Amino acid sequence: MRPIEVKAAAILDAPSEDVYATIADYRQGHPQILPKGSLYNLQVEQGGYGDGTIIRFKARALGVVRSFYQRVSEPVPGTVLVEQDIDPIHNVVTTFTVTSMEQAQMSHVEILHTENASPGLQGFIERLINPLVMTPILRKELQLLESVARQRASLEKTSTKQ
């Protein structure tokens, strides 16, 4: 059975280096881009920046809370970051792809969420509902990412001038 896929993309008015650094920083940056009430309780168990980081977090949708235990990899450092379930039952994978635009001052960011559907009727329902629930969460995450990455870029400019 093919996995459920939900995707959101946007052009962000933030430097690609700062966008990627925000995503990859699981101690400071990434927690700030998680939509409150939907994705929460992010805990770093190992690492904390990019490849090799191990995280736990919770997701709430339609009153249901799910816990995740994932490992982070960077198949293309600086461009592609992947969060993948350590427990492969649902095999939830979230892929962040950051593409530089406008001499790296803007970024095209795509978030792709995939997971295995449950068998039978439950899987059918998941295929209908997951895109309706996940798409707004991913869009909000992109909005927060733009804001946090712009703050990061502004702080870096200020600290290099001093």
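Ile125 has its place in helix 3, which spans residues 120–161, where helices (H or I, at least four residues) and strands (E, at least two) are DSSP runs, numbered from the N terminus. With a relative accessible area of 39%, Ile125 is partly exposed; here buried means under 20% relative accessible area, exposed means over 50%, and partly exposed lies in between, with a 1.4 Å probe and protein chains only. Before I go on, please keep in mind that this is a predicted model, in which local features need pLDDT of at least 70 and side-chain atom pairs count only at pLDDT 80 or more, while totals for chains, interfaces and linings use all residues. Residues are numbered from 1 along each chain as its sequence is written, and side-chain values use heavy atoms, with hydrogens and water left out.

Ile125 also belongs to a nonpolar surface patch of about 620 Å², together with Leu62, Leu121, Phe124, Leu128 and Ile129. Patches are made of residues with over 30% relative accessible area and no salt bridge, with like charges joined within 9 Å and nonpolar side chains (Val, Leu, Ile, Met, Phe, Trp, Tyr) within 5 Å. The accessible areas come from the Shrake-Rupley method with a 1.4 Å probe, and for residues only the protein chains shown count as cover. Leu62, a member of this patch, has its place in the loop between strand 3 and strand 4, and at 68% relative accessibility Leu62 counts as exposed.

What is the phi of Leu62? Leu62 has a positive phi of about 55°, although Leu62 is not a glycine. Most residues other than glycine have a negative phi. Asn41, which is found in strand 2, likewise is not a glycine and has a positive phi, of about 60°, and Asn41 is partly exposed, with a relative accessible area of 39%.

Next come the aromatic rings. The count comes to 1 aromatic pair, under the rule that rings of Phe, Tyr and Trp (its six-membered ring) pair if their centres lie within 6.5 Å, with planes under 30 degrees apart counted as stacked, over 60 as edge-to-face and the rest as tilted. Why is the pair of Phe57 and Phe68 called stacked? The centres of the two rings are 5.0 Å apart and the planes of Phe57 and Phe68 stand at 15°, so the pair is stacked. The pair links distant parts of the chain, with Phe57 in strand 3 (residues 54–61) and Phe68 in strand 4 (residues 64–76), 11 residues apart. Phe57 counts as buried at 13% relative accessibility, and Phe68 is buried as well, with a relative accessible area of 9%.

Finally, there are the charges. Side chains of opposite charge can pair when their charged atoms come close. The structure holds 4 salt bridges, a salt bridge being a side-chain nitrogen of Lys or Arg within 4 Å of a carboxyl oxygen of Asp or Glu. One of them joins Arg150 and Asp13, with the closest N and O atoms 3.8 Å apart, and this pair links Arg150 in helix 3 to Asp13 in the loop between strand 1 and helix 1, 137 residues apart. Another salt bridge is formed by Glu115 and Arg66, whose closest N and O atoms are 3.2 Å apart; Glu115 lies in strand 7 and Arg66 in strand 4, so this pair ties together parts that are 49 residues apart in sequence. Is Glu115 buried or exposed? At 3% relative accessibility, Glu115 counts as buried, whereas Arg66 counts as partly exposed at 28%.
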